[in-house]
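Here are a few friendly notes to read alongside the model. Please keep the structure open and follow each point on it.

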Amino acid sequence: MKLVNIVLLICFAIFASCEKQSEIIEPDFDVTGYTVTAVLDTAGNAVKQVTFNFKGNAAIISFYPGLLGNDYAYREGRVLGITALLSSFSTTLDNGTQ
């Protein structure tokens, strides 16, 4: 009987300690625009440099520059069809055996 009372007391303490959060906290973060300038890289080629203005605090910032393989549409990964997994090849060897 004492064991049952102790188990019930522990269960009550665990459930009583849980508290729901009813308040949703929105992050205080804003991007106010960008400037584009032309600069020279180490090889002397003209490249564009983009500067963004961030205000606030964000935990994670993801940037998709539009380069091949860095498209926003594929941010969760690319799905390859079965045709991408199938391949074939042939080899030849002159004046000998394989």
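1. Which residue in β2 is the bridge partner of Val36? The partner is Val50. Strands here are DSSP runs of E with at least two residues, numbered from the N terminus.

2. A word on the source: this is a predicted model, where local features need pLDDT of at least 70 and side-chain atom pairs count only at pLDDT 80 or more, while totals for chains, interfaces and linings use all residues. Residues are numbered from 1 along each chain as its sequence is written, and side-chain values use heavy atoms, leaving out hydrogens and water.

3. Now for the two strands. β1 and β2 run antiparallel and are joined by ten bridges; two strands pair if DSSP finds at least two bridges between them. They form a hairpin with five residues between them, and Gly44 in the turn has a positive phi of about 90°.

4. Have a look at Thr35, which is found in strand β1. Thr35 has a relative accessible area of 42% and is partly exposed (buried means under 20%, exposed over 50%, partly exposed in between, with a 1.4 Å probe and protein chains only). Leaving aside residues up to four places away in sequence, Thr35 touches Gln49, Val50 and Thr51, where contact means heavy atoms within 4.5 Å. Thr35 and Thr51 are 16 residues apart in sequence, and 5.3 Å separates them in space, C-alpha to C-alpha.

5. Next, the aromatic rings. The structure holds two aromatic pairs. In one of them, Phe29 and Phe54 are stacked, at 5.8 Å centre to centre and 20° between the planes. Rings of Phe, Tyr and Trp (its six-membered ring) pair if their centres lie within 6.5 Å; planes under 30 degrees apart count as stacked, over 60 as edge-to-face and the rest as tilted. Phe29 lies in strand β1 (residues 29-40) and Phe54 in strand β2 (residues 46-56), so this pair ties together parts that are 25 residues apart in sequence.

Methods. Helices (H or I, at least four residues) and strands (E, at least two) are DSSP runs, numbered from the N terminus.
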